[in-house]
Amino acid sequence: MNDSNAATPAAIPSAESGGEGLRHTSNFLRDIIAEDVRNKTFGDAAIQTRFPPEPNGYLHIGHAKAICIDFGLADEFGGKTNLRFDDTNPEKEEQEYVDSIQKDVRWLGFEWERLCYASDYFPQLFEWALQLIRSGYAYVDDLTAEEIRQYRGTLTEPGRDSPYRNRAIHENLDLFVRMKAGEFPDGSRVLRAKIDMASPNMNMRDPVMYRILHATHHRTGDEWCIYPMYDFAHGQSDSIEHVTHSMCTLEFADHQPLYRWYIEQLGIFPSQQIEFDRLNLTYTLLSKRKLLQLVEEKRVNAWDDPRMPTLSGIRRRGFTPEAIRAFCAAIGATRTNGITDLEMLEHFQRDDLNRRARRAMAVLHPLKLVIDNYPADKVEFVDVANNPEDPAAGTRQAPFSRELYIEQDDFREVPPPKYYRLSPGKEVRLRSAYFVTAQSVVKAADGSLVEVHCTYDPLSRGGNSPDGRKVKSTMHWVSAAHAISAEIRLYDKLFSKPDPYDFAEGGDIFDNLNPHSLEVLTGAKLEPSLAAANLDDRYQFERVGYFCLDPDSTPGHLVFNRTLALKDTWAKIEKKTGKEPGT
RNA sequence: UGGGCGAUCGUUCAAUGGUAGGACAGUGCCCUUUGGAGGCACUUAUCCAGGUUCGAAUCCUGGUCGCCCAGCCA
């Protein structure tokens, strides 16, 4: 295994051929921004957006949609995007996550204008809180969390005012400053906005602005023991950064009145919040909390397990940023809530890899094929196209000899209907090499197939017969003496149901985990050129699927991940006509 | 059942009062030195009921259905 930095023949071209050609149709976010630009809603100021993850987990494909929207739309209008960590809850946040998030955003292909942290605004936020207290719009509440919940009322009943609601301003000021000074234990008091306990919008029923948390923050350490809530940090952070369009997911729609209320009371830059639908994908879990659980309970190996929908997971799996961006462009943004077929993502990934991945021959389940009329000591090298989709990718030479490996599936002693591959008496083409005709088989004592014997047509070198006769099938192969062995990891869906949340009463989401999501093959035989594979290379193992090297590889032990299988018409036929017993 | 938001092929996204279209999936055919890729074709949709209008997926009214909200999470 080589280092992944060097440019090699196999490194996929950073072709943005599919990327820049992304067709975007209209969507309501673009329309709103275009309208604001036309109306000069924000004067001559440039469009400014932000991508605001909380560093409490790894980014996943759902975040990729948000990233493409936040960065993509700003870029379209000549604007800029900040990466801002919404780090207002020290109990869940870690440096590990802020590092991985930056890496993932860059990997997706975006660069931020400024790197920001809500925690950088803690002093300003504190000043603004004092301002609201002074103007009578905030108060310190001594109710317990449970009492606050009870006073809040329900969806159908209005809440009641806290007995502390009309505390004198000087008393509120004094208590809040002492909260900050660390005089009170966690949970003993909060600062609340004084709005309307009878509002039909629960978020307006005197929302908590600050809570006491004697916790060490990953950036500010022990400097603070009071932390602002999301609602008293997000809009203000947007405002400080002069974010013009603050795009977030639909579940925050109910927060918009509060977002605006704080900005208006404070008289600061009027950032505007716009909500869009979050991504849902069939067979895929997109909840940071649940994903964390998968990792902590060791149901997967790590955040970057290739079965995970995290960006680090699908990156290791072999997915490319170009494909993910194309996918995000295709799914667009709306305010409806639906579930996108996983096939859609897979389609854009296959499409990208088909154009760019170098071809190679690899036999996953080897079966020995012996060419009886081929000299035992002869080796010749045949030219093989590196990518039929891209002649510029050139050719390579593959060693060919008397004993080869072919795929077990490519031979049937008794061929089922419509089976075009090798069977006794049938002639097929070995890709870029020769026509061969199966003659006989050798079996072990237990009846299992050991090897297939065939004869070849020396005149068909390169894969065509001078007499113009056709064969139905072209098969991949590797020379037994030259093949390298490798471990192959085949991945399937992590969940076996389109909706992972579709489980029986009393069960849980993990009941739907697919027990066959990982299959490890240890005896695969690869063409020798694959020994030089790099981590960044993307391959199509012809007729099998797309593969990439896994970081677990060592010079003596190569490990390849299957990104996606190729579409398989024969498998479909087989499924439809009922399973054949095989050989 | 208080409030907010939404409803177009199986899925997803368009159509911005004027011919309901694309992509994915599916099916069939053609082509193929990958049963890959590609090409062609086919199937299928405006939630319901009224109204406005020459004309409605689009505007209005009333239903129906779905999602979100009662953290000192974000």
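A: In this predicted model, helix 12 passes helix 13 in a right-handed crossing. Helix 12 covers residues 321-331, and its axis lies 8 Å from that of helix 13, at an angle of about 135°. An angle over 145 degrees would count as roughly antiparallel; helix 12 is therefore oblique to helix 13. On the side of helix 12 the contact is made by E322, A323, A326, F327 and A330. Helix 13 contributes M344, L345, F348, Q349, D352 and R356. Sorted by class, the contact of helix 12 with helix 13 has 7 nonpolar residues, 1 polar residue and 3 charged residues.

Helix 13 also has a part in the surface near RNA strand B. Spanning 342-356, helix 13 supplies at least two residues of that surface, as do helix 6 (145-151), strand 6 (208-212) and helix 14 (569-576). The largest share comes from helix 14, with 5 residues. In total, 71 residues lie around RNA strand B, and those that come nearest are S26, R359, G462, Q540 and T569. Of the atoms of RNA strand B that come within 4 Å of the protein, 63% belong to sugar and phosphate. By class, the surface near RNA strand B holds 22 nonpolar, 25 polar and 24 charged residues.

T569 has a side-chain N or O atom 2.5 Å from a phosphate oxygen of RNA strand B. For K567, a polar side-chain atom is 3.2 Å from a phosphate oxygen of RNA strand B. I339 takes part through its backbone: one of its N or O atoms there lies 3.1 Å from a sugar or linking oxygen of RNA strand B.

Helix 5 (residues 122-134) and helix 7 (residues 169-181) have axes that come within 9 Å and cross at roughly 160°. With that angle over 145 degrees, helix 5 and helix 7 are therefore roughly antiparallel to each other. The crossing of helix 5 and helix 7 is right-handed. From helix 5, the residues that meet helix 7 are F126, A129, L130, I133 and R134. Their partners in helix 7 are I169, N172, L173, F176, V177 and K180. The contact of helix 5 with helix 7 comprises 8 nonpolar residues, 1 polar residue and 2 charged residues.

Conventions. Residues numbered from 1 in each chain as written. Chains lettered and ligands numbered in written order. Predicted model: local features only at pLDDT ≥ 70, side-chain atom pairs only at ≥ 80, totals over all residues. Heavy atoms only, no water. Near = heavy atom within 4 Å. Polar contact = N/O pair within 3.5 Å; in protein donor to acceptor, adjacent residues only side chain to side chain. Helix = DSSP H or I, 4+ residues; strand = E, 2+ residues; numbered from the N terminus. Nonpolar A, V, L, I, M, F, W, Y, C, P; charged D, E, K, R; others polar. Axes fitted to C-alpha atoms, helices over the stretch in contact; angles between N-to-C directions. Parallel < 35°, antiparallel > 145°, perpendicular 65-115°, else oblique. Left-handed = near helix turned anticlockwise from the far one by under 90°. Contact = heavy atoms within 4.5 Å.
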